[in-house]
Amino acid sequence: MASHRNEKINGLIQRELSLIIIHKMKDSRIKDSNVSITKVKAAPDLKTATVYVSIFGDDRQKKVVLELLNNAKSFLRSSLGQVITVHSVPALSFEIDNSIEYGMHIEAILQSLKDDKKEMQDQNEHDS
């Protein structure tokens, strides 16, 4: 279980990294991909942090953007160090978070089931 301090730092890193990516990164492939940081999970010793990102686009675009973020780790870490006050800024690693897409997929399935049920009810009313 993460400590309260660790949770606060995770939130701070998430918020500040989002701002850095939006305002300081120049690569149009990142800006055009609608990158969103969904979660940050810093190690208890704060030496490393895994940053989960949601990237809208096809698989090729996701791979390119993830590679760009991982290549910009040192820039992002140093930029982060300028805005947060912790003893040492954790080393960053980026991973794709597909939870938003998965949620949208589940929502589409539920909507389809709801539509099928309504269609069956309408058909039964019509047959009666």
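Predicted model: local features only at pLDDT ≥ 70, side-chain atom pairs only at ≥ 80, totals over all residues.
I started with aspartate 27, which is partly exposed at 24% relative accessibility.

Next I looked up the partner of aspartate 27. Its side chain meets that of arginine 29 in a salt bridge, with 2.8 Å from N to O. I checked arginine 29 as well: its relative accessible area is 44%, so I put it down as partly exposed. Side chains of opposite charge can pair when their charged atoms come close.

How many salt bridges does the count come to? I get 2. The other one joins the side chains of aspartate 122 and lysine 118, at 3.5 Å from N to O. I traced both of these residues to helix H5, which covers residues 99-127. They sit 4 residues apart there, about one turn of the helix. For aspartate 122 I read 37% relative accessibility, so this residue goes down as partly exposed too.

Then I went to the other end of the numbering, to asparagine 6. I found it in helix H1, residues 4-24. Buried or exposed? Asparagine 6 is buried, because its relative accessibility is 7% and the cut-off for buried is under 20%. I also listed what asparagine 6 touches, leaving out residues up to four places away in sequence: Ala42, Ala43, Pro44 and Leu46.

After that I stepped back to the whole chain. I counted 5 helices and 3 strands. Along the sequence I wrote the order down as α-α-β-β-α-α-β-α.

For shape, I looked up the radius of gyration, which is 20 Å, while a compact globule of 128 residues would have one near 14 Å. The C-alpha trace spans about 75 × 35 × 20 Å along its principal axes.

For contacts, I took those with a separation of 6 or more and found that 62% of them link residues 24 or more positions apart. Buried residues come to 31% of the 128 in the chain.

Last, I looked at surface and charge. The chain exposes about 8,800 Å², and 53% of that comes from carbon and sulfur atoms. I have 18 positive and 18 negative charges on the list, and their mean positions lie 14 Å apart.

Definitions and conventions
Residues numbered from 1 in each chain as written. Heavy atoms only, no water. Helix = DSSP H or I, 4+ residues; strand = E, 2+ residues; numbered from the N terminus. Rg over C-alpha atoms; globule rule 2.2 N^0.38 Å. Buried < 20%, exposed > 50% of the residue type's maximum accessible area, 1.4 Å probe, protein only. Contact = heavy atoms within 4.5 Å. Areas by Shrake-Rupley, 256 points an atom, 1.4 Å probe, with all protein chains shown as cover. Lys, Arg positive; Asp, Glu negative; His and termini not counted. Charge placed at Lys NZ, Arg CZ, Asp CG, Glu CD. Salt bridge = Lys/Arg side-chain N within 4 Å of Asp/Glu carboxyl O.
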